[in-house]
Amino acid sequence: MPWGLSAALAIAATGLAYRVVIWLSRTVDDRATCPPASVRVAALVTGTLGSLFGPRMPRMLAAFGLDVLVQRKLWQRDRLRWLAHMAIFVGFGGLFLVHALHGVVTEKLWPGYCSTVNPWLWLRDLLGLLAVAGLALTEVRRRFSRSLLPAPKHRDLVFVALVAAILATGFLLTAAKIISAPDFERMVATYSSLSAEEQQPLKVYWQTEYGMVFPASAPDAALLKTGEEVHESACASCHSRPQSAFVSYPLSRLLRRAAVPLAAANASVVLFNLHVLLCLLGIAYLPFGRALHIFAAPTSLVAAAGAATPATVNAVARRSLALDACVRCGLCDERCSVAALWALFDNPLVLPASKLEGVRRLSVEKRIDANELATLAQGAYACTDCGRCTRGCPVGLDLDDLWTALKARLASCGRPTPAARVKTASASQWADRLAASSGTNGALARPGRLTDDPRIFSHCVQCQTCTNVCPVVAESFGPGGVDATPQRVMNLLRLGMTELALGSRMVWNCTTCYQCQEHCPAGIRVTDVLYDLRNQAYTQMSALAEIDTPAKGDAL
Amino acid sequence: MKFALFVGCKIPARVPQYERAARSVLGRLGVELIDLDFDCCGYPSRHLRLDAYLALACRNLAKASARHLDVLTLCQCCYGSLRHALHLLRHEPGVRLAVAQDLAKDDLDLSETTNVRHLLDILARDVGFDRIRANVVRDQHRLRVAAHYGCHALRPSDVVDLDNPHAPTVFEDLIRATGAAAIDWPRRLDCCGAPIAETNPALSARLREVKLADARAAGADTMCTACPYCEAQLSPAAKDAGLSTLLYPQVLGLALGIAPAKLGL
Amino acid sequence: MSDRETMSDAYDVAVIGAGLAGMAAAVLAGNRGLRTVQIGNAGALLFSSGMFDLMGVHPVEVLRSWSDPWAAMAAVAHDIPDHPYAKMKAVALREAFLEIWHALDAVGLAYNRPGDCNIEVVTSLGTIKNTYCLPQTMATGATALAERTPTLLVDFEGLREYSARGIAATLASRWPGLRTLRLAYPPAGVAGETYAAHIARSLEVTENRAQLVELIQPHLKEARAVGLPAVLGLSRTAVIASEMSRDLGMPVFEIPTMPTSVPGLRLKDALERAVAARHVRRIVQSRVTEVTANADTFELCLDAGRSTTPSVRAKNLVLATGRFMGGGLVADRNAIREPLMNLPVAQPASRAAWHSTDLLDAKGHAVNRAGLEVDEHFRPRDAAGKTVHPRLFAIGAILGHQDWTRMKCGAGVAIGSAAAAVTTLERDLDRTRRG
C-alpha cells in the first residue's frame, strides 16, 4: 500500500517538523530575555554545522556509539533496565532494519534474501522474542519495584500497546501462514509449475513435515518420499523448515484446530493488513508520546556531546528539546539527593522527573495556575544543585541547566527565591503583610522552634558584641545596608515584634558563620535564632497568596 | 581506621578534585573509606525548613549507624550540618521522636549512635602528626600558606569539635607537617562569604575580597581550604589577588609524593 | 576527640571561668608545665576596656586617687584586712603582672611594661582614669594628657557613645588646646551606624589607613598629637599606630571606648592565643553543672545541651567564675549564693542592706563587696573559717571584701589571686609527686 506508507510518512514528517519548530520557538526562559526565533534558527544551523564539521565531531560520534547504541549511561545506572531496554532496542530495531526494511537493507547486503529462509526465519522470531522479553521485563520490574517514589504519571500506553501489537501480529501472521492452505495454494500456483499429481505428494510432505493444515483427510505416508523430492526441487531453496520459527511454529500448533475457519476468514491476509497497518500507525505516531524518544533521545545524547560550553543560544533549544526527550524513566528521581523531601512536603515536584513535567507546563504559558506555580517553586528551591540527576540521565538531558533556567523563569513570574523575595519589600512592609494574612502556624509542632521561647533571648543585655563580630555588618555600607543588626533583631524579639524581624535584611544576609553565637557573653544562640526566623519567614511568605512583582534594582 | 565517607553534593558537582585528592591521601595513610548511599546532608534545606533539614541529615546518620561506622566528611558545611542534627537528636527529645517516625517509613532507625568527623580532625587526631611526617617525602618548603579555617567546623563549639574556636591551631599544624610555612593572618577565622553567594553576590564578593587581600598582605602565596564551598568561593578571585588556592589534601598529597594527577591537579 | 577524653588521666588543674582571673590562672599554670583544662565562654573579657587596674582609688568614700599603686595596695591591706590584697605579697603580684605582660607581648599585643606608677588616661566620657598597665597606643595618650599636648581629637560619624566634642568639653579645664574633627568613615560613606570593631578591621588594610590619614591631614594645624577612639586594628595595632604616626608626623593615640570595645576584643583574642600556645585544653560554650569531689580528683560535669565533652577530671580546681553577670554568684530574693559548690558567701545580714538608698553613694553598695572568703592561699573558707578543700581555689571577682570597679583594683585582684593559687597548687603537686 504505497499510499498508506506515504500517508504515514507524511504524518510522521509533519509531526517531527512540528516538534522541531516547537524546540526552536518554545522556551523555558522568560520571553522578554529569550532571543527571537530567527536568531535561534540561525544559531542552530551554524551550531550544528560547527559541531558536525568541527573539533567536537569525534565526541559526537563516540556519544552516538556509546550512549545511543550501547546505552552506556543506562548500563552504568541500572543493569536490569539496560537489559530490558536493550532487548527491546535490539529486538525491535533489528526487526525494523532486517525485516521491515528488507527491500532497502537486507536485500542489498544479501542479494539472495528470502524471508522464509534461514537465518531470517529464526532471526525474526529471535528478535521478536527479544523485544517481547524486554517488554515483559519492564512490566515485571515496574510491578515489583519497591521504590517509595511516586510513579511517573501519564504512562504512554498507546506506545506500549502499539509495540506489543506489532510484535503480536507479527508472530500470529507467521503462525497463521504456516497453517494456511490458501497460502500454500497461492504459492504453488505462483512459484511453481507443478501438475496436480506432483502437488499431492508435496502437500503430504508439507502436512507432515512443515505443519501445514489441509481440510482433507490424513496424508498418505507412502507419498512422503516423493513429496520430499518435489519439495527439494521446487520449494526448498526458498523455504527453511518452519520449526526454525521457534515462537511462531508452536503458536501455529495452538491455532491448528482453527486452521479451516481461519483460512475461510482469510486470516493471513487480515493479519498481514493488520500488521502493516499497525506499523504504519507506528510510523505516524513517531512524533507523539513516548514514540518521540526514538528521535529525541539520540538527538539529545549527540547534542550533549557536541554542545559548546559555555551554553550558547542553542542552550535554549536544548532545554526545549529536553522537555520532549525525557523518557520518564525516573532514574533522576532515584538519584535525587533530596528525594526524601517529597513525602515531607507532599510535593512530587521536588523530584526531577515530575519537576520537568511542571516545567513543560510552565513553558506552555497559560496552562499553569498560581497554586501549581507555588508547588513548582517549592520544588525548584528545594533543589540543591548537586547535579546527580544530570549525571544519572540516560538520555543526556542537561537538567542542571534546566533547573537554573526554571529558577530564572520563576523569578520573572513573581516567585523568586525566598531571599530575593524578601528584598521586594522593607521589613516594615513585610510585617504589615504577614500580620494581615492568615496568622501564625501555631498548629505546626516544630521541634527546635526558638523564637517562641523567651528563655532563648530574654537575657540579652544588648552589649553589641554580636554586631561587632558580624562580617555582614562589617561589609554592609551605604543606604541599602543591613537594616537591623543582630542585637537589634534580638531586641525585636524581646519586644515581641517578631514579624518585623522576619523581613529584615539581616536575617537573609546572614552567612551563618556563627561568630555571634560563639562570642555572646550571655550564651544566646544568635545564629540559630536567625535561622529560625528564616524558617518562619519562608513558611509564612509561601502561604501569602499574592505574587510579588519582580524587584527593580538590587537592594543590598 | 574505617569511616563512611560522606562526599556530599557540592564536591561531585563543582569540586571533584577534592574527593580525588582526599581518597588518594587517606589511602596512603591507611584510612579505609566505605561508600554508602547517602542523601544530601540537609545544609541547603536548613534555611527553608528545619524539619526538611533534619529529615535529610538524620537519614544519613541512620545509614551510617546501621553499618556501625562513623562518618568522615570532606565538606565543612556537611560536617556542621550533620553535627547539628546529632546535637539536636541528643539534646531535644521532641526532635528524636519526630525524626524516628519519619525514618521508620524507610526502614531506617537511629538506635545506634554514630559520630561525625571532618577530614582535618581525622588527620590530626586519628592519623596523627608523627605518621604524617613519617610519610612526607617531598617537603613543601616553598609554599607560604594561609590556612582558611572556614566557619562550620569551628563554630558553634558546643556542636562541632575541631579546635578552640577563638585560637585554633590544628590547620596550621597540619600545614607545617607538610613542610610548608603557615602564615598568621588577621582574618583567618572570618567567613569566606560562600553561603550568600547566590542571594547577595555583591556582599559575598566583598567578604571574599577582604579575605584574599588580607592573606596576600600577610605574605602568603597560597590559600588553603578544607571545604568545597570555601574553595569554590575563593578560587575564582584568588588569581587577581595574587594567590593560588589548594585544598589541604592536595598540599598533603604533594608532600607525600603522590602524583598530581591523582590529586586533581 | 572530646568524647574520647572523658576517661583519660585527670588534669593537674581545671580552671572554671574565662575572664581575666581564669585566663591568668591558665597562662601561669601553663608556664609551669601543669596539664590544664579551662572551661568557660569568653564573656567578661569582651567587656574589658583593655586597661589593667592594680590599685587606684582608696578610700572610695573620698575618691582618693593614688599615683603609687604599691603604696595604695599596702594601705588597703592595712585598712581592709579581709581584702584579697591583704593575703598577697606585693612582690608576687609584681612578678605575676610581668608574667602576664610577657605572655601578651609574645602573642603580639603591645602593652606598656608595668612598673612603679599608675598612669592617668582620658576615657571616652572625658573623665580621667587611673590605671596601671595599658595598651601602648593608650599610653601615648596618657603622655599627651600629662604634657597637655595640643591634640586633635577625631571621631567617626555613626560611631555611637563616642563624641570628640564631648570629651573636649569635659576636659576643657584640665586639657585646653583640644580641637575636634568628625569624619565620615568607612570610605563608602554611611547613612546609619558604624561599629568600632569594623572600623578597626578596615584599618588593617593599608589603603584604608592612607585614606584616613588623608582625611585627617588638612585639619592638623597646630596639633602635635592625634587622638582617636580605640579603632587601630583588631590586630597589628602597633604597626597601624606607628604607620599613621609616621604619615601624620606626630603621635597617634587611642582613647578607651565603652564595651564592647576593640581593646577588649584584642585582649580576649590575645589571651586565647596565649592559652592555646601553652597547650591548655580549652572548652568553650559550656557550663559546669556539677562538681563532685572524689578522693584525689574533682569531677566536673558539663552542660549536656551545650557540650561535646560530658565531663573532665582534675586534681585541683580553680573557681574563677566571676560575679552576677557571669553566674559565679546568684542573687535571689533572700540571699546571695555560690551556685556551683554552694560555698558560703560573705554578704550583708539582710537583703535590705545590699544597697544604699542613694544610687550614687560614694561608699558604694555592700552587695558589690559580697563574695567568697578565702584563706591565705586563696582557698575558700567555710562559715567557721576552715578551708573547705585543700585543692579548691577561688580567684578574681568572686572574692568578697573588694569593690573592684570603684577601687580600680580588678586586674590586680584577678592576676594576684590567680598567681597565689597557682603557686600553691604547683607546690602541692610537686610534693605529691616527690612522694
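**A close look at chain B**

Analyst: In chain B, take the contacts between residues at least 6 apart in sequence: 75% of them join residues at least 24 apart. Two residues are in contact here if their C-beta atoms, placed from the backbone, lie within 7 Å.

Quick housekeeping: this is a predicted model, where local features need pLDDT of at least 70 and side-chain atom pairs count only at pLDDT 80 or more, while totals for chains, interfaces and linings use all residues. Residues are numbered from 1 along each chain as its sequence is written, and chains are lettered from A and ligands numbered from 1 in the order in which they are written.

Now the overall shape. A compact globule of 265 residues would have a radius of gyration near 18 Å, and chain B has 18 Å, so the two agree. (That radius is taken over C-alpha atoms, and the globule rule is 2.2 Å times the number of residues to the power 0.38.) Of the 265 residues of chain B, 63% count as buried. Buried means that 20 or more other C-beta atoms lie within 10 Å of a residue's own, exposed means 12 or fewer, and partly exposed is in between, with C-beta atoms placed from the backbone.

Chain B has 11 helices and 8 strands. These are DSSP runs numbered from the N terminus: helices are H or I with at least four residues, strands E with at least two.

On to the sheet. It is open, with 4 strands of chain B in the order β2-β1-β3-β4 and parallel pairing. Its edge strands are β2 (32-35) and β4 (116-118) of chain B, each pairing on one side only. From one strand to the next, the twist averages 40°. Strands pair if DSSP finds at least two bridges between them. As for angles, they run from 0 to 180 degrees between N-to-C directions, using axes fitted as lines to C-alpha atoms, for helices over the stretch in contact.

Inside the sheet, strand β1 (residues 2-6) of chain B runs parallel to strand β3 (residues 70-73) of chain B, and 4 bridges join them. One bridge you can look up pairs B:F3 with B:D70 in β3(B).

Finally, helix α6 (residues 119-127) of chain B lies across β3 and β4 of chain B, at about 85° to β4(B).
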